[in-house]
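Subject: A structure for you to explore

Hello,

Here is the structure I promised to pass on to you. Please open it next to this email and follow along as you read.

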Amino acid sequence: MMIKLLVVHLPMLTGTTATPKQLAQLHPKFHAHIKCPYADRWLAKGPEQAVIELGLDRTVVGHKDASHRRNVEMATLGSCTFTNPFSGDSCTEYRGTGWTTDSMKERCSQEASSTFTEAEGCAFDGNAAGYCVKEVADETFEYNVLVLSAVADCDGNKMACETFVGGTFTAASACSVSDTSTNANNSATSTSPVSDFSTTENVSTTTSTCDIAPGAIGAAHQAAFSSGYRCVSRSLTNSCPDAPAQGSPYMWPLKWAADYETQNMAFGSDEVVFTSRGRTFYSLDKNWKRSDTTYQLGVLRTIGQGPCDDLDEAWEEIGLTACIKNQTDGTMTTMLHKGNMMYFLSWKNDTIVEPGEADATKIEDCSSINVQIVGNIRPDWFLDARGDSTGTQYLGNQHVFYDSNTPKLVKQWRKKDFASQYFVMSMMENPLSKKAGNDTNVDPEDSIHWPLLLNIPGEGFGDDMLQRYSNHTLLADDDDKLFTLVENYLENGGTCVDVGGGEIGPPISEVHIPSNLEIDESFLSNEFTFSPFWQNQSSYDNDAVLSDSNESSDPSSKAVTEVSDRVIVESCFDDSTNSIDMSVYYLDIETTDAGTLPWMALGFRSSDKCAMTPPDGGSTPIILITHSSTEADPVAHSGDLVPEAKAMSEDSYTAIYQSLVPLADSLDYSDVSVSAPMLGSASSFAAGTSSIADEDTVTLSFKQVAENKPDVIYFTYAIGAQSQLSVHTTRECFEIRDFPSCPTSRKSAADSVSVSIGDLIADSSEASTARIEDISTSGSHVLEISATLTLLFTFLLTI
């Protein structure tokens, strides 16, 4: 799920309706100064506060030195009111010296049902949470107004601004440091004017160059607003401090290009159903990618494709996007991915273009889509297990036939993704420099371990792919012109049409295309990056862990299953009441800035398929733990995860909230309790729930009526980023098969498991990334990616 980012109308900062304060009597020599702009602010409140209130303080952007920022007047030059598909009426103010009337009109016209107003700011009401400030070009800023709502409290708005927009959150007084407890439940009483926006909490530094996208997408992609990865002393060795692959010689270079050929194979067959060729260019220090495609033939099945003129109707009828491609006439198409924007370019028929064309006058047309947080592949994505619900397995060296049966020695890694499938990355082991021996005059390009082969799973939305790279070369700063086509095209009077239509997220269809690269019991975590800095390499025997975790030493006690490094489950079956007795421990839970707990959910899957919603349609029953600033303790509810949530329907959050019923009042549940020691409250346990001393553990305990002792129950869990329903920070599929008879004395059960649970929690705090594997008896499963994070993932890895 994704946070709902709302905006409202705010007035221009220099024209609020608040009654101005009476000026003190001034010495006659200062009378002339009253004619100065904003004199009432400067003289009544002092220059520092006036600078903040008037939006002249550039420190909120955190881009250049403070002395330079304060010299740039940040008056509002215009505003744009428009209809946002998720938030309704919205408004953005344009500030900075980089805007012209024409550029503001052009920017506003890209929004739906938009109206541009020059020299005026946005109107607002008392629900203002603050501004999301984003620098879109040098000295060119957009101030997007955010509001408090039922699905976006202060922390939610801040998270949405920084995570999805890549901006800096500047809080209104309702969300300022002095009132961090304010949220949607009491925001209606706020009458704070925009002039009370606080910058003291929200001054940010430059964006970390090592950011990866949140959630499962971070397993492969940089954050869309990341500026890339650092180079060390301008060498070819990439570096992200404290990352497992810091300084690894097997990381991709930051700026490089290579020819590619991709062949797609149908499941259960070696038949090639689609082929494409071209050249791809990376400037990962700026989070840029370009692909020039010169050949396409066959049927491409995936989501997030570029413009398609010929859809396969047979596949479309069953809910799959399949595009019939026949680009065999020597023409070229171009895709540019820069930050959170993806552009598709076609070239004029009467011009000659080749890969790497930089003349924007040859462009025929342009279309675009905003891919939000989805960024480009990070240089070390295959090396480490960073990211949610992912894993990596170093496979070692292997000889392969490459490029016309040429043998190559490669070093291989397998990367487990969110869809329980894996990639295989083959890196060149013997660069050309090895042949040179001690020769110090070796070309830098000849010393690189280039990527040669990449096997890409379809991830349930398309066919598996095998991609080969050749003719590698490094790029220099002078090659940035390869990535500025769109800017040059627009400067020449061109336009770029938004083909996203405001829609974000994948189709709701649950049609699943099987893959030949499905995870099985042979996958084990073996994180080995060849970093000269990182020494925390680890591996473990999956079978041993599975055996240890599922053994119940005492048949009269609860079974203990370590699901991941964030969740531990106790389970048993109460024969006297025909009910399942479970305790779910959510570990490492921290309160938000507003003092509330993030939401936590436990979902009941209908099958072993690890999907967000049932493959056969319908909703997924869930237990949702919520907590607001008006509640002393968190509350557990039963409810439904509606399928529309996967496609980011505006009404899906409302539908989920409307379905909620206190779990203690639900017919099939009893002995319900939620404990949250970090809140400092005396939350009561249901009788017999295991006592855990850790203050960062939230415990959910309940009994659920069942006709018979189950053989297996399929679950998924998720932990949110904030108190309101929004993007999750982690989630995992798992199953429970161990249901011993519950002890006759709950006290004896607590005594028998308290030590083992405590040991597990202590263990998990020091666990390596390998601990994110599901160690239930069926092996590892990963929850299908939700909402925005699914969009374009497969596409980004294939073009």
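Let's start with an open sheet of five strands, which are antiparallel in their pairing and come in the order 26-27-28-34-33. Strands here are DSSP runs of E with at least two residues, helices are runs of H or I with at least four, and both are numbered from the N terminus. Two strands pair if DSSP finds at least two bridges between them. At the edges of this sheet lie strand 26 (559-562) and strand 33 (669-675), each of which pairs on one side only. On average, neighbouring strands of the sheet are turned by 15° against each other, direction ignored. (Axes are lines fitted to C-alpha atoms, for helices over the stretch in contact, and angles run from 0 to 180 degrees between N-to-C directions.)

Within this sheet, strand 28 (residues 579-586) and strand 34 (residues 698-705) run antiparallel and are joined by eight bridges. To find one of these bridges, look for Y586, whose partner in strand 34 is V698.

Before we go on, a word on where this comes from. This is a predicted model, in which local features need pLDDT of at least 70 and side-chain atom pairs count only at pLDDT 80 or more, while totals for chains, interfaces and linings use all residues. Residues are numbered from 1 along each chain as its sequence is written, and side-chain values use heavy atoms, with hydrogens and water left out.

**A second sheet and its helix**

Another open sheet has six strands in the order 32-31-30-29-35-36, again with antiparallel pairing. Its edge strands, each pairing on one side only, are strand 32 (661-662) and strand 36 (728-736). Two bridges hold the antiparallel pair of strand 31 (residues 635-641) and strand 32. Helix 9 (residues 652-659) packs on the sheet and touches both strand 31 and strand 32, with its direction at about 125° to that of strand 31. In strand 32, V661 is the residue opposite S638.

Which residues of helix 9 are buried? They are S652, Y653 and I656. Because they cover an arc of only 100° around the axis, they sit on the same side of helix 9. Strand 31 is included in what covers the buried residues of helix 9.

I656 itself has a relative accessible area of 0%. From I656 to L725 there are 69 residues in sequence, yet 9.2 Å in space, C-alpha to C-alpha.

**Strand 16 and its two partners**

Strand 16 (residues 363-370) makes an antiparallel pair with strand 15 (residues 341-347) over seven bridges. There, N370 in strand 16 stands opposite M341. Strand 16 also runs parallel to strand 23 (residues 496-498), and three bridges join these two. C366 has C496 as its bridge partner in strand 23.

**Salt bridges**

How many salt bridges does the structure hold? There are 25, where a salt bridge is a side-chain nitrogen of Lys or Arg within 4 Å of a carboxyl oxygen of Asp or Glu. In one of them, the closest N and O atoms of R95 and E93 are 2.6 Å apart, and both residues are buried.

Another joins the side chains of K255 and D477, at 3.8 Å from N to O. This pair links distant parts of the chain, 222 residues apart: K255 is in strand 10 (residues 255-265), and D477 is in the loop between strand 22 (464-474) and helix 7 (485-491). K255 counts as buried because its relative accessible area is 11%, whereas D477, at 47%, is partly exposed. Salt bridges with shared partners join K255, D285, K286, D477 and D480 into one network.

Now look at S283, found in strand 11 (residues 272-283). S283 is buried, at 1% relative accessible area. Its side chain has a polar contact of 2.8 Å with that of D285. (A polar contact is a pair of N or O atoms within 3.5 Å; within protein, one must be able to donate a hydrogen and the other to accept it, and residues adjacent in sequence count only if both atoms are side-chain atoms.) Apart from neighbours within four places in sequence, S283 is in contact (heavy atoms within 4.5 Å) with L254, K255, W288, D480 and F483.

Enjoy exploring!

Note on methods. Buried means under 20% relative accessible area, exposed over 50%, partly exposed in between (1.4 Å probe, protein chains only). The arc is that of the directions from the helix axis to the C-beta atoms.
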